[in-house]
Amino acid sequence: MLQIVSTADGSKTIFNSEVGESYHSKHGAVQESRHVFIGAGLAYFSDRSNVQEISILEVGFGTGLNFLLSADFCESHQIKLDYTGIEAYPLSPDMIGQTGYEEYIKPKTWQCFQEHYSDCLAQCVALNPQYSLQIALCKLAEFSSAKHYDIIYFDAFASMHQPEMWTETAIGPLIKLLNPGGVFVTYAITGQLRRMLKGLGLEVQKAPGAPGKREMLRAIRH
Ligand SMILES: C[S@@+](CC[C@H](N)C(=O)[O-])C[C@H]1O[C@@H](n2cnc3c(N)ncnc32)[C@H](O)[C@@H]1O
């Protein structure tokens, strides 16, 4: 069962009682997304590479919060964004409407996301000249792509609840989809994840975590 709940920064998230976990940190959903994925992922990559087009692959699209904040960021920085989300259990448009995320983004971003969310589950949609979105409706293990990506947002449920998502079998094929210079970013860090990513040839960095977590992980493909 899915239930909308509030987090400490006032923004909402969804609690999945079957999994026993919410979609975001209880310390702040928007705060976490801004810190981990926008700050340590997108802003870090765009500062380093100074490119005008960025492609992002997200594991666990969920409410679309990471997409919405990324779209706003890219628009403000005049970067073209090509965004692909992987989602095995898509939320209903009604549930997404109840998150209240319009409070944190440009009205135009929210409006086109609301209007085209269902279309994006079937195909890649250019929501405006600046960004496009496609949500691949499948499990991570079934995902394949001819495209390569600059950034991977790894936003699966915690390994305590979904250990199979944090294995080399799951993550190894994703890393092959990362462009040279590309960044893999996630909210958690464990010794096992660090060793695995190093073994896959990435430079692994510890970064300060979002409130509630001491550290998070970023890894670079050289
Ligand atoms: C922590 S939540 C992601 C939150 C999301 N990024 C957001 O901002 O709302 C994990 C997501 O992974 C999805 N998921 C669970 N198992 C999956 C699988 N095997 N493959 C792809 N997605 C999966 C869940 O349905 C959920 O949306």
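Reply: The buried residues of helix α2 are L65, N66, F67, L68, L69, S70, A71, D72, F73 and C74, in a model that is predicted. With ten of its twelve residues buried, α2 is mostly covered, and what covers these buried residues includes the helices α1 (29-49) and α4 (107-120) together with the strands β4 (53-59), β5 (80-86), β7 (131-136) and β8 (149-154). The helix itself runs over residues 65-76 and reaches 17 Å from its first C-alpha to its last, close to the 16 Å expected at 1.5 Å a residue. After α2 comes Q78, which has a positive phi, near 50 degrees.

A positive phi is also found at G212, near 100 degrees, in the hairpin of β10 and β11, where six residues lie between the strands. Strand β10 (residues 202-208) and strand β11 (residues 215-221) run antiparallel and are joined by seven bridges, with A207 having M216 in β11 as its bridge partner.

Elsewhere, three strands form an open, antiparallel sheet in the order β1-β2-β3. Because β1 (2-6) and β3 (21-22) stand at the edges, each with a single partner strand, one side of each is left without a neighbour in the sheet. Strand β2 (residues 12-16) is joined to β3 by two bridges, and N16 stands opposite E21 in β3.

Note on methods
Residues are numbered from 1 along each chain as its sequence is written. This is a predicted model: local features need pLDDT of at least 70, side-chain atom pairs count only at pLDDT 80 or more; totals for chains, interfaces and linings use all residues. Two strands pair if DSSP finds at least two bridges between them. Helices (H or I, at least four residues) and strands (E, at least two) are DSSP runs, numbered from the N terminus. The expected span of a helix is 1.5 Å times one less than its number of residues. A residue is buried if 20 or more other C-beta atoms lie within 10 Å of its own, exposed if 12 or fewer, and partly exposed in between; C-beta atoms are placed from the backbone. Two residues are in contact if their C-beta atoms, placed from the backbone, lie within 7 Å.
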